[in-house]
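Grab a pencil and work through these exercises with the model open beside you. Each one sets a task and then walks through a solution.

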Amino acid sequence: MNRALHTRPLGITALIIFFLVGGLISFLAVLSLLFPSTFFELVWRVNPRGHEGLLRIGFWGVVLLFAASASCAVATIGLWRRTRWGHILAITLIGVHLFSDLISTVLRIEPRAIVGVPIALAILLYLRSRRVQDYFAQYMSNRIE
């Protein structure tokens, strides 16, 4: 057996951390919208435009952020457990991020979002690479046997 297929690729470990941190940050944002306080106001200094936008859409901002947080948490678990659905969810979430960055850039909502486009493309190419696909496929075939 190929030992490389049993060792978690460094890129997958990085994505696990990325989704974990993304889930925690978006959950913190949910809490900040539900329970405004001085502490949370300090956190929003990083992205005051985002905070204003979420306050404008009210309840749906909480729902949106909670969905993002839950999606990141589920992707973290799926990648950690080396499941096919975790791999597919990671591809889907990065694809949604790519699409939103493109839309934000083209519509000039957030021109700086263009920075995320090549990063998301690189991550998608990595997730679709033969090595990563084999890593998930090998595990699934071992579970079935």
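**Exercise 1.** Find the helix that holds Ala-29, decide whether Ala-29 is buried or exposed, and work out how far its C-alpha lies from that of Phe-40.

*Solution.* 
Step 1: Ala-29 sits in helix H1; helices here are DSSP runs of H or I with at least four residues, strands are E runs of at least two, and both are numbered from the N terminus.
Step 2: Ala-29 is buried, because its relative accessibility is 11%. The scale calls a residue buried under 20% relative accessible area, exposed over 50% and partly exposed in between (1.4 Å probe, protein chains only).
Step 3: Phe-40 belongs to helix H2, residues 38-43, and counts as buried at 11% relative accessibility.
Step 4: Ala-29 and Phe-40 are 11 residues apart along the chain, with 8.1 Å between their C-alpha atoms. Now try Phe-40 with Gln-133: that pair is 93 residues apart in sequence and 40 Å apart in space, C-alpha to C-alpha.

A word on the ground rules: this is a predicted model, so local features need pLDDT of at least 70 and side-chain atom pairs count only at pLDDT 80 or more, while totals for chains, interfaces and linings use all residues. Residues are numbered from 1 along each chain as its sequence is written, and side-chain values use heavy atoms, with hydrogens and water left out.

**Exercise 2.** Describe the protein chain as a whole: what are its secondary structure, its span and its buried share?

*Solution.* 
Step 1: The count comes to seven helices and zero strands, which reads as α-α-α-α-α-α-α along the sequence.
Step 2: The C-alpha trace spans about 55 × 35 × 20 Å along its principal axes.
Step 3: Of the 145 residues in the protein chain, 34% are buried.

**Exercise 3.** Which side chains meet in salt bridges, and which of those residues join into one network?

*Solution.* 
Step 1: Side chains of opposite charge can pair when their charged atoms come close.
Step 2: Searching the whole structure gives three salt bridges.
Step 3: Arg-49 pairs with Glu-110 at 3.1 Å, N to O. This pair links distant parts of the chain, with Arg-49 in helix H3 and Glu-110 in the loop between H5 and H6, 61 residues apart.
Step 4: Glu-110 also meets Arg-112, at 2.8 Å, N to O. Arg-112 is exposed, because its relative accessible area is 62%.
Step 5: Arg-130 and Asp-134 form a bridge at 3.4 Å, N to O. Arg-130 is exposed at 58% relative accessibility, whereas Asp-134 is partly exposed at 27%. Both lie in helix H7 (residues 130-144), four residues apart, about one turn of the helix.
Step 6: Shared partners join Arg-49, Glu-110 and Arg-112 into one network of salt bridges.

**Exercise 4.** Compare Arg-82 and Arg-108: what is the phi of each, and is each residue buried or exposed?

*Solution.* 
Step 1: Recall the background: most residues other than glycine have a negative phi.
Step 2: Arg-82 has a positive phi of about 65°. Its place is the loop between H4 and H5, and Arg-82 is buried at 7% relative accessible area.
Step 3: Arg-108 has a positive phi too, near 60°. Arg-108 is found in the loop between H5 and H6 and is exposed, with a relative accessible area of 70%.

**Exercise 5.** Characterise the largest pocket: how much space does it hold, and what lines it?

*Solution.* 
Step 1: A pocket is an open set of points on a 1 Å grid over the protein atoms alone, where a 1.4 Å probe fits, with protein on both sides within 12 Å along at least five of seven lines; lining residues have an atom within 4 Å of a point. Grid points are joined across faces, edges and corners, and the volume is the space filled by probe spheres set on the points.
Step 2: The largest pocket holds about 1600 Å³. Its lining has 41 residues, and the closest to its centre are Asn-47, Leu-65, His-97, Ser-100 and Asp-101.
Step 3: H1 (10-34), H3, H4, H5 (84-106) and H6 (116-127) each supply at least two lining residues.
Step 4: By class, the lining has 25 nonpolar, 12 polar and four charged residues. Here Ala, Val, Leu, Ile, Met, Phe, Trp, Tyr, Cys and Pro count as nonpolar, Asp, Glu, Lys and Arg as charged, and the others, Gly among them, as polar.

Notes
Salt bridge = Lys/Arg side-chain N within 4 Å of Asp/Glu carboxyl O.
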